[in-house]
Amino acid sequence: LVLVSVISHVTASKMPNLHHHEEEKFFLSTAGKKELFPSIHDLPTKELSVIVPSYNEETRLPIMMEEALEYLEKRQKQDPLFTYEVIVVDDGSKDKTTGVALKYSKQYGSDKVRVLTLVKNRGKGGAVRMGVLSSRGRKILMADADGATMFADIEKVEVGLEDLKPWPNEMAISCGSRAHLEKESIAQRSVFRTFLMYGFHFLVWFLCVKGIRDTQCGFKLLTREAALQTFSSLHVERWAFDVELLYIAQCLKIPLAEVAVKWTEIEGSKMVPFWSWLQMGRDLLFIRLRYLTGAWKLESVQKNK
């Protein structure tokens, strides 16, 4: 354990990778001109930002976008004070993900749909963070490109967020959860995958996050202040980033809610069952050890006035 602690400390990147390549600082406007993304340090100008991390999602993305935009447009018509933006983050895709997303930007306007194309693949956590750091919303929703979670269930996670009030320092996080579907999913899984799942859940509980049964559901709603503090400190850029996000939140005493949402397994997952779980297990151990040894530190981040 001492040896692993030393290795985890020595190999740690001390600062989160918040660097934007020059090309990643801009989005295409409806007129086809490059415009500068804003910063999460700025004051919000939208009620909601939806961040959609996408890697080789030209096939699945349209289904998710159609559902999300139909809901968001309908909600805006019912409540003119409700404003939103969707930021599709193309995580270095090798297919036409950016082109597909840009069609929605042209259809709905770049004030509502923006595309952030990363120069190279960072991993899901890195893609979400880049989107969050470029967002304008008072609340920020993470939503997967596969559309596995019914988008209208945002209303459930919103209720979960509101129930946490009063928010200390305007910080709170509401997590969509599939934990209520666990018994059903076990019946469809092999014994080996069930063993891996329980092993991962135990490691999450033992090493990092208490009180949240499903840390990996990609449907999470954060206040802008909570997003600023957590994503500015986030180091893990791949599958285990959700765990570090919630670990940071608990260290900062940010209130957390877990809310059941409707979820359907969609074909085309990028996870490789054994190797992805192995990588996540390693990351969980490193998250715990690197914070314990001081390789990673939490610092308060101030937003612009």
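**A look around**

Modeller: Keep in mind that this is a predicted model. Let's begin with strand S9, residues 256-260, where the side chains alternate.

Colleague: Nice. In what sense do S7 and S9 pair, and over how many bridges?
Modeller: Strand S7, residues 173-177, pairs with S9 in the parallel sense, and five bridges join them.

Colleague: Switching topic: how much space lies in the second largest pocket?
Modeller: About 390 Å³. The lining is made up of 17 residues.

Colleague: Which of them lie nearest the centre of that pocket?
Modeller: His 235, Val 236, Glu 237, Arg 290 and Trp 296.

Colleague: How does the lining divide into nonpolar, polar and charged?
Modeller: Six are nonpolar, five polar and six charged.

Colleague: One more: where is Ser 54 found, and is it buried or exposed?
Modeller: Ser 54 is in strand S3, residues 46-54. Its relative accessible area is 1%, so Ser 54 counts as buried.

Colleague: What does the side chain of Ser 54 reach?
Modeller: The backbone oxygen of Val 52, at 3.2 Å. Leaving aside neighbours within four places in sequence, Ser 54 is also in contact with several residues, among them Leu 61, Val 88, Asp 90 and Ala 145.

Key
Residues are numbered from 1 along each chain as its sequence is written. This is a predicted model: local features need pLDDT of at least 70, side-chain atom pairs count only at pLDDT 80 or more; totals for chains, interfaces and linings use all residues. Side-chain values use heavy atoms; hydrogens and water are left out. Buried means under 20% relative accessible area, exposed over 50%, partly exposed in between (1.4 Å probe, protein chains only). Helices (H or I, at least four residues) and strands (E, at least two) are DSSP runs, numbered from the N terminus. Two strands pair if DSSP finds at least two bridges between them. On a 1 Å grid over the protein atoms alone, a cavity is a set of points where a 1.4 Å probe fits but cannot get out, and a pocket is an open set with protein on both sides within 12 Å along at least five of seven lines; lining residues have an atom within 4 Å of a point. Grid points are joined across faces, edges and corners, and a volume is the space filled by probe spheres set on the points. Ala, Val, Leu, Ile, Met, Phe, Trp, Tyr, Cys and Pro count as nonpolar, Asp, Glu, Lys and Arg as charged, and the others, Gly among them, as polar. A polar contact is a pair of N or O atoms within 3.5 Å; within protein, one must be able to donate a hydrogen and the other to accept it, and residues adjacent in sequence count only if both atoms are side-chain atoms. Contact means heavy atoms within 4.5 Å.
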